[in-house]
Amino acid sequence: MTAIDAVSVFLPRRRVPIESLAGALRLSEMQVRLFRRFHGLTEVRRDPELSLTDLLRHAATGLTALRGREHRVRFVLYARAFPVVAPYPVNPLHDVCRALGLGHALAFTVTQQSCASALTAIDVAGRLLAAEPHRPGHEPLALILTGEKAFTRDAQFIPETSVFSEGASACLVSAHGPRDRLLSYACAQRGEFDVAGGESPARFQREYRPALAAVIDRALAEAGTTLADLRLVLPHNVNLMTWKRLCKLIGLPLDRVLLENITETGHVFCADAFANYRTARDRDLLAPGDRYLVAAVGAGDGATFAAMVFEH
Amino acid sequence: MATGLHLIRAARREFDGPAALLDDPVLRDRAGEYLTDLTRPYGLRFDPSAAARGQSYGEMAAELIRELVGADEPVDLLVLAFAVHDMLPGRATAAYLSHVCPGTPMSFALCDQGSAAPFTALRIARDHAASAGCRRALLLTVEQSVLPYAAGVAAPERHRAVAMLYGDAPPDGGARVTAVRQHADVDPADVAALAATELRELGAGQPDVAVVLGAGLAPARPTPAGAPLTVVPPGQPTTGLWWTLLDQLGDGPDRPRAVVAADYEPDLRYLCLVRAVRRPRLGAGSADLRPLLRH
C-alpha cells in the first residue's frame with residue numbers, strides 16, 4: 001500500500017502583504033479587501049532572487065530522510081500546476097536530480113490537473129513502485145517534488161479567488177511503508193470548464209463545492225471510513241471562505257480543517273497538501289492510527305477535483 | 001485489463017496550419033503574455049509571429065480521440081505525453097481531453113522527459129491495467145513544430161500526433177505489449193552496448209522479430225546482424241518512433257510476429273525499449289475485424 005515516508009517543505013522567507021501586489025496585478029482596493037477580509041488571504045511568499053531550481057533544491061535538501069537512501073530512489077515525479085515553466089529545452093527537474101545525486105532515477109513531470117497534480121503524482125508513484133522488482137531490504141522509493149514560481153500573471157493569482165505563494169516540497173513515497181498509508185484516491189475532472197469546453201465561469205462557481213464534496217465522499221467510501229472518523233482534513237489553500245462553505249455543505253466541523261496556512265502563505269500551487277501535512281506533524285495533530293483526508297482542486301482552464309484518505 | 005496490455009487500435013495524424021484557438025484574440029494575448037514571461041528570465045525574446053504558426057495539443061489530440069475511440073468504449077486512463085510545449089502553454093489540456101473522451105477518464109500530462117515520456121506513459125498504463133476496474137487506457141503522444149523563441153535546438157519538423165488505445169485483448173488482431181524497459185543516465189559511450197544487449201534479450205536477431213530504431217539511437221548501430229530493421233527518419237523526436245512502430249504492427253502479409261522498438265534520448269540520457277507481439281487475425285468473417293491503424 002502506497003505510503004508517505006517523509007515530507008519537507010521550503011517557503012521563501014520573504015513575506016509579501018497582499019496590498020503590495022495590487023499594482024502589479026492591477027487589483028482595485030475593493031479586490032484587495034476581498035482577498036484579505038473575505039478570503040482570509042493576508043500575505044504570500046515571493047523571492048525574485050530564488051530560481052525555480054533553487055526552490056526545488058531547497059525542498060529536496062531539507063528532506064533528511066533522503067540522505068543515504070538516494071540509491072533507492074527509482075522515480076522522481078515533479079507534480080506541477082502550470083504545465084510549462086521554462087523555455088524548451090531547459091529542464092529544472094533534471095538539473096535538480098543531477099544535483100541531488102538522483103541521475104539514476106527516472107524523472108518526469110505530471111501536470112495538467114492544475115493544483116491537483118500532486119495527488120495524481122502520489123497515485124502514479126505508488127503504482128510504479130508496486131510494479132518495480134527489488135531485492136529484500138532494497139525497497140524502491142519515489143521522490144515527489146512540487147514547486148513553482150509566480151512567474152506570470154496566471155501564476156500570481158486567481159481572480160476573486162486566491163493568490164499564489166512561491167514554494168516547494170519534497171516527499172518520499174514507498175510502496176509498502178508503515179507510516180501515512182494511502183487508503184483511497186478519488187478524482188473527478190471537469191474539462192467542460194476549459195477554454196474550449198464552452199461552460200461558463202458562473203456555472204463553475206456554482207458547481208465547485210458540490211463537485212469537491214462528491215470526490216470527498218468517494219474517497220471516504222473507498223477508504224471505508226466517514227467524515228466523523230477523520231481526525232483532520234488537509235485542504236488546498238485556496239481561501240478560507242471556500243472551506244467555510246464546504247464544511248457547512250458536508251457537515252464537517254471547521255476546526256477539523258487545518259486552515260492556518262491559508263492566512264500565512266496563501267496557495268502554494270501543488271505544495272499545499274505537503275505544507276499542511278508538515279504543519280500537522282510539527283504541531284503533533286496526528287496520532288498513530290488517525291485517518292485524515294487531503295483535498296485538492298485544480299482550477300485553471302478545466303477543473304480537477306481530488307481527495308485522498310490516509311492513515312497515519 | 002487483467003490479462004496485460006493490448007494495443008487495440010491506433011490513429012496518427014499530421015496537422016497543417018496553426019491552432020484554431022489562436023484566432024481568439026483574448027486567448028492569443030493571454031498565451032503571448034505567458035510565453036513572454038516564461039522566456040524573459042532566460043534572456044530569450046518571445047516571437048509572436050512564430051507563435052501564430054504553432055499548434056494546440058488539445059485540438060490535435062481531440063481530433064484523434066474522435067477518430068479512434070468509440071462511444072461504446074469508455075476509457076479509464078488518458079495520458080498526454082509531449083516534449084515540446086504547445087502554443088497554449090498554461091492550459092490544463094489533459095483535463096479538457098478527459099471531457100471529450102468517452103468514459104471521462106482520469107487524465108494528466110507527462111512531460112520534461114524528452115522522447116522517454118511516451119515509454120513512461122506506457123509503463124503507467126501497464127501498471128493501471130494491472131489494477132481492478134481499468135478497462136482501457138489511451139496514450140496520446142504529440143509534438144508541434146514551433147518554438148516561439150530562439151531555443152538553440154531544432155523544433156520538430158511537423159505537427160504530428162499518435163494515439164494508441166490499449167485494453168483487453170480484442171477478439172483478434174491488435175498487439176500485446178510484452179515488455180517496456182527504461183534505463184536512466186546512460187552515457188552516450190555506453191548506449192550501443194546496452195541497447196544491443198537489451199535488443200537481443202527482447203528477441204532482436206530472430207527472423208520474425210522486426211526492430212525499429214529511433215533517430216536518437218540509430219547512430220549507435222546496436223542492432224544484431226540480420227535483424228529486420230527500420231530506422232525512424234529524424235525530425236520527429238517524440239512521435240517518430242511510435243509512428244513507425246504502427247507501420248510494423250499494422251496489417252499486411254509481410255509483417256513480423258513481433259516488433260522491438262527502441263530509442264535513446266541523448267540530452268536526458270534515457271534508453272527506452274518496448275516489445276509488442278502482433279496477434280493474428282481470425283479472418284475476414286470476423287465481425288470485430290477492424291484495422292489496427294486508422295489514418
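User: Which strand of chain B does β5(A) pair with, and in what sense?
Analyst: β5(A) pairs with strand β3 (residues 106–111) of chain B, antiparallel, over three bridges. Strands are DSSP runs (E, at least two residues), numbered from the N terminus. Two strands pair if DSSP finds at least two bridges between them.

User: What is the bridge partner of A:Val110 in β3(B)?
Analyst: That is B:Leu110.

User: What kind of model is this?
Analyst: It is predicted: local features need pLDDT of at least 70, side-chain atom pairs count only at pLDDT 80 or more, and totals for chains, interfaces and linings use all residues. Residues are numbered from 1 along each chain as its sequence is written, chains are lettered from A and ligands numbered from 1 in the order written, and side-chain values use heavy atoms, without hydrogens and water.

User: How many residues are in contact?
Analyst: 48 residues of chain A contact 50 of chain B. Contact means heavy atoms within 4.5 Å.

User: And how many salt bridges between the chains?
Analyst: Four. A salt bridge puts a side-chain nitrogen of Lys or Arg within 4 Å of a carboxyl oxygen of Asp or Glu. One joins A:Glu132 to B:Arg123, with the closest N and O atoms 3.1 Å apart.

User: Which element gives the largest share of chain A's side?
Analyst: β5(A), with six residues.

User: What area is buried between chain A and chain B?
Analyst: About 4300 Å², and carbon and sulfur atoms give 59% of that. Buried area is the accessible area (1.4 Å probe) that two parts lose on being put together, summed over both.

Terms used:
Helix = DSSP H or I, 4+ residues; strand = E, 2+ residues; numbered from the N terminus.
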